[in-house]
Amino acid sequence: MPANFYARWRARCGVVSVLHEDSESLPPEYLLQAIWQHQRLLHDQLKTLDGRIVRVLHPGFANHEAGPDFRGALVQIDDEPPRTGDVEVDLHASGWRAHHHEGNPTFQNVILHVIWDSARPAAVKIPTLPLCRLLDAPLAELSSWLGREGAVSFPENLLGQCSAPLRGLTESRLMELLHQSAQVRYQSKAAQFQARARHVGWEQSFWEGLFRALGYKHNVWPMQRLTELRPRWLQPKLTPLALQARLFGISGLLPVELTRAQAASDSYLRRIWDLWWRERDEFNGCILPRELWRFHGLRPANHPQRRLALAAHWLATANILAKLENWFTADLTSTPAGLPDSLLEILQVERDDFWSWHWTFRSARLRKSQPLLGAARMTDLAVNVILPWFWARAVEGRNEKLQRVAEHRYLAWPSAEDNAVLRLARQRLLGGAPKRRVRGAAAQQGLLQIVRDFCDHSNAVCENCRFPELVREWNAAE
Ligand code: SF4
């Protein structure tokens, strides 16, 4: 096609990788992923290395976290029933072993291994699909059109079936719908607190919720178990250091070896061991196995060692719950922008000689000290734990005024950090709407609830999903 100034400039500036057809070189892996995502393939000719016919009913959704490249694909092989699962894209079949996918639990749902060439047969049982002779256009042309970010952009034909009716909602009706679904979400969290409080009391249920949230999505269960043991390990007047020693010891996260390279880490570890070895026998029956914890794909700031160090400070502050109650009942309605700051003031730890400077026991000293609690994690704690817990208590005490306070703060809370589930939901449901269209933490929570209620029970082609119908009814009821 004739190239205009923009097209030439785009190629010259490296917006796209220019590949030549006579080139012997392999396509970059991101291009192969983009080809898969956009299905730029000869669909009726797809065959696995062992000759079985492949029908791609849905390519799945690009995964930007650890694990396979695409999640939730729908694929039929020969005349077997269609299967939902993950797809991994590698240049060569040997990549499966070379990248240690075999035996890795995050790859156990892979149903198709997509590769470029078929030079070497796959030595794995997963059906393997080579693409090099099955593109619907020359590689150079695909490279030019799909560009560098091909796999990031979302093809129009992969939008969810609800995206059309959702597009018909005005901004305020969409927010209203998201807020209603958010309300369902926090009420269900509150009901969980209420149920747990009946058995273990409000305070224990609060700490369990807080620890679970500190476990982030990777380590919810060991954190839950650790707090269930709280009545055993918590005693009044323990210092943060003594509590850190107990929590590290009981969690099974205390290293047994010194680094022998970092003096500050070794000195801190010695102080912790000095405390822990004396009381280890007392807790012998409840020490968690280290294998319970997951570290793969964790950001350093979310490492459970660092989270436990933070929790030790909170637990050593005798009146932290009273402070939170004062915060909750104080009149902050005229300063909604100050809501997060006012909570952070209570939950932030001034400084910790070791943990303000290290992500983990073994990491090198940071150049700049880092707060133990960031604004993003604090928002998660507010919308997932603190406000639903206060709301549940207000319901239990039949205090409507405090219920309204909890609801108002929930709806006024600024947006949390973006994440992969929200990004995908904005693409599938809202046609790639920018972050600002889902304004505030409550709207984000509402979107997550819709994913949980509908997308998680359907498949990539939205089979049997009733949400589009719900949106149409909601629109008609205006
Ligand atoms: S499964 Fe339902 S809610 Fe999810 S994208 Fe499809 S139509 Fe929308």
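## A tour of the predicted model

Just after helix H2, Gln39 takes a positive phi of about 50°. Helices here (H or I, at least four residues) and strands (E, at least two) are DSSP runs, numbered from the N terminus. This is a predicted model, in which local features need pLDDT of at least 70, side-chain atom pairs count only at pLDDT 80 or more, and totals for chains, interfaces and linings use all residues. Residues are numbered from 1 along each chain as its sequence is written.

**The chain overall**

- The chain has 19 helices and six strands.
- Of its 478 residues, 34% are buried. A residue is buried if 20 or more other C-beta atoms lie within 10 Å of its own, exposed if 12 or fewer, and partly exposed in between, with C-beta atoms placed from the backbone.
- Among contacts between residues at least 6 apart in sequence, 68% join residues at least 24 apart. Two residues are in contact if their C-beta atoms, placed from the backbone, lie within 7 Å.

**Around the ligand**

- The ligand has 13 residues around it, and Gly160, Cys162, Cys455, Cys462 and Cys465 come nearest. A residue is near a molecule if its C-beta atom, placed from the backbone, lies within 6 Å of it.
- Helix H17 (420-430) and helix H19 (467-476) each supply at least two residues of this shell.
- By class, the shell has nine nonpolar, three polar and one charged residues. Ala, Val, Leu, Ile, Met, Phe, Trp, Tyr, Cys and Pro count as nonpolar, Asp, Glu, Lys and Arg as charged, and the others, Gly among them, as polar.
- Cys462 lies in the loop between helix H18 (440-453) and H19, and its phi is near 65°, a positive value in a residue other than glycine.
- With 18 other C-beta atoms within 10 Å, Cys462 is partly exposed.

**Where H6 meets H15**

- Helix H6 (residues 171-200) packs against helix H15 (residues 375-396) at an angle of about 70°, with their axes 8 Å apart. Axes are lines fitted to C-alpha atoms, for helices over the stretch in contact, and angles run from 0 to 180 degrees between N-to-C directions.
- H6 and H15 are therefore roughly perpendicular to each other, a term for angles of 65 to 115 degrees, while those under 35 count as roughly parallel, over 145 as roughly antiparallel and the rest as oblique.
- On the H6 side, Tyr186, Lys189, Ala190, Phe193 and Gln194 take part, and they meet Asn384, Leu387, Pro388, Trp389, Trp391, Ala392, Val395 and Glu396 in H15.
- The residues of this contact divide into nine nonpolar, two polar and two charged.

**Buried spots**

- Eight of the ten residues of helix H2 (residues 29-38) are buried, so H2 is largely enclosed by the rest of the structure.
- Those buried residues are Leu31, Leu32, Gln33, Ala34, Ile35, Trp36, Gln37 and His38.
- Leu347 is found in helix H14 (residues 339-347) and counts as buried, with 22 C-beta neighbours inside 10 Å.
- Leaving aside residues up to four places away in sequence, Leu347 touches Leu373 and Met378.
- Leu347 and Leu310 are 37 residues apart in sequence and 9.3 Å apart in space, C-alpha to C-alpha.

**Another positive phi**

- Most residues other than glycine have a negative phi.
- His100 has a phi near 60°, a positive value in a residue other than glycine.
- His100 sits in the loop between helix H3 (95-98) and strand S5 (110-115), and is exposed, with 9 other C-beta atoms within 10 Å.
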